[in-house]
Each structure stands twice: as structure tokens, then as C-alpha cells.
Amino acid sequence: MYNYKYPRAALTVDAIVFYSTSKVQQVLLIERGREPFKNKWALPGGFIEMDETLEQACIRELEEETGLKVDKMKQFRAYDRPDRDPRHRTISVVHSVELEKEQQVAGSDDASNAAWFSIDNLPELAFDHAEILIDFFKSD
């Protein structure tokens, strides 16, 4: 359908979903079911569809990978380091939503698991997602 003379970067979205208690902030992560970074934890997200906005893509990916439904998300920042994805040139636009409390989640689609983690005790993360979370929680 599309034919361009020059290569194009892929566009993705990633979701920072979190809630706070009096003791700690918790963030939602998925365990990747596919390469690259199979079995590593990551932010929910994925590639945009041609007929959706960035926010719609992020809401869709979040629901597909975790079962969690949200109505709105806030755009945070774009991440564009050329080597951030080992497959090809990928730019991610990160969105966030703060929940009032923990919601039940389950891994689905290309996520083998979904779980809540304290931002003070995160597992090893795929891609540049550790950097993204550091940037986000420092900006609060």
C-alpha cells in the first residue's frame, strides 16, 4: 500500500500505568512472550495501527496485553534513540495514566504475564524502559 524511496522509522507507544499508596508507587509491567527480550519485563505497548491516534493505540495495546481498560491517557514524551530496539529503527511515544488503586491484570496477546511492581524494586527491563521510568518518576 505504501511505497517510499527512503526507509521509515516504526512508530510505537508505551504505557506507564501506576498507582500510589502511602508507602510506595506501583507500576504495571508485562512479561514479553516474544523476541526481542522474550521473558523480560517491559511497559505495555506496541505498534500503532494506521487508522488510530497515538492515544488510541496506547489504550488498545494496554487492554490487549493486560486486560486493563482506561478511557484516557496523557502523552509524556517520545523516545527515539536509534538503537533502542534491536529489530529496527523504532520511535516510541510514551503515555501515562494514574489509577486510584490496583486493578486486576493478566498477560494476554504477546504478553505472557502482567503484574504490578514497586518502582523501588523493578526487575530487569527490556528496551530502554528503565530509563523511561526513571525520567517519568523524576518529573513528578
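This is a predicted model: local features need pLDDT of at least 70, side-chain atom pairs count only at pLDDT 80 or more; totals for chains, interfaces and linings use all residues.

Colleague: Okay. Which residues make the nonpolar surface patch of about 390 Å²?

Modeller: Tyr-2, Tyr-4 and Met-50 make that patch.

Colleague: Where is Tyr-4? And how exposed is Tyr-4?

Modeller: Tyr-4 sits in the segment before S1. Its relative accessible area is 45%, so Tyr-4 is partly exposed.

Colleague: Let's go inside. How many residues does the largest nonpolar core have?

Modeller: The largest nonpolar core has 22 residues. Those with the most contacts inside it are Val-17, Leu-28, Leu-68, Val-70, Met-73 and Leu-99.

Colleague: Which elements give two or more residues to this core?

Modeller: They are S1, S2, helix H1 (54–66) and strand S7 (111–118).

Colleague: Now helix H2. Which residues are buried there?

Modeller: H2 runs over residues 129–139. Buried in it are His-129, Ile-132, Leu-133, Phe-136 and Phe-137. They cover an arc of only 115° around the axis, so they are on the same side of H2.

Colleague: I've spotted Ser-96. Which strand does Ser-96 lie in? Is Ser-96 buried or exposed?

Modeller: Ser-96 is in strand S6. It is buried, because its relative accessible area is 10% and the cut-off for buried is under 20%.

Colleague: What does Ser-96 contact, beyond its neighbours within four places in sequence?

Modeller: Ile-16, Met-73, Lys-74 and Phe-136. Phe-136 is one of the buried residues of H2. Met-73 is among the residues with the most contacts inside the largest core.

Colleague: New topic: the backbone. Where is there a cis peptide bond?

Modeller: Between Glu-35 and Pro-36, with omega about 0°. Pro-36 lies in the loop between S2 and S3.

Colleague: What about Asn-39 and its phi?

Modeller: Asn-39 has a positive phi of about 75°, although it is not a glycine. Asn-39 is also placed in the loop between S2 and S3. At 48% relative accessibility, Asn-39 is partly exposed.

Colleague: And what is phi for Phe-127?

Modeller: Phi of Phe-127 is near 50°, a positive value in a residue other than glycine. Phe-127 lies in the loop between S7 and H2. It counts as buried, at 17% relative accessibility.

Colleague: Charges next. How many salt bridges does the count come to?

Modeller: The count comes to 12 salt bridges. In one, the side chains of Glu-49 and Arg-60 meet at 4.0 Å, N to O. That pair links distant parts of the chain, 11 residues apart. Glu-49 is in the loop between strand S4 (45–47) and H1, and Arg-60 is in helix H1.

Colleague: Is Arg-60 buried or exposed? What about Glu-49?

Modeller: Arg-60 is buried, at 19% relative accessible area. Glu-49 is partly exposed, at 40%.

Colleague: What other salt bridges can you show me?

Modeller: Glu-63 and Lys-69 meet in one at 3.7 Å, N to O. Glu-63 is partly exposed, with a relative accessible area of 34%, while Lys-69 is exposed, at 64%. Asp-83 and Arg-81 form another, at 2.6 Å, N to O. Asp-83 is exposed, at 55%, and Arg-81 is partly exposed, at 37%.

Colleague: Which residues do salt bridges that share partners join into one network?

Modeller: Glu-49, Glu-52, Arg-60, Glu-61 and Glu-64.

How values were computed:
Residues are numbered from 1 along each chain as its sequence is written. Side-chain values use heavy atoms; hydrogens and water are left out. Buried means under 20% relative accessible area, exposed over 50%, partly exposed in between (1.4 Å probe, protein chains only). Helices (H or I, at least four residues) and strands (E, at least two) are DSSP runs, numbered from the N terminus. The arc is that of the directions from the helix axis to the C-beta atoms. A nonpolar core is a set of buried Ala, Val, Leu, Ile, Met, Phe, Trp, Tyr and Cys residues joined through side-chain atoms within 4.5 Å. Contact means heavy atoms within 4.5 Å. Patches are made of residues with over 30% relative accessible area and no salt bridge: like charges are joined within 9 Å, nonpolar side chains (Val, Leu, Ile, Met, Phe, Trp, Tyr) within 5 Å. Accessible areas come from the Shrake-Rupley method with a 1.4 Å probe; for residues, only the protein chains shown count as cover.
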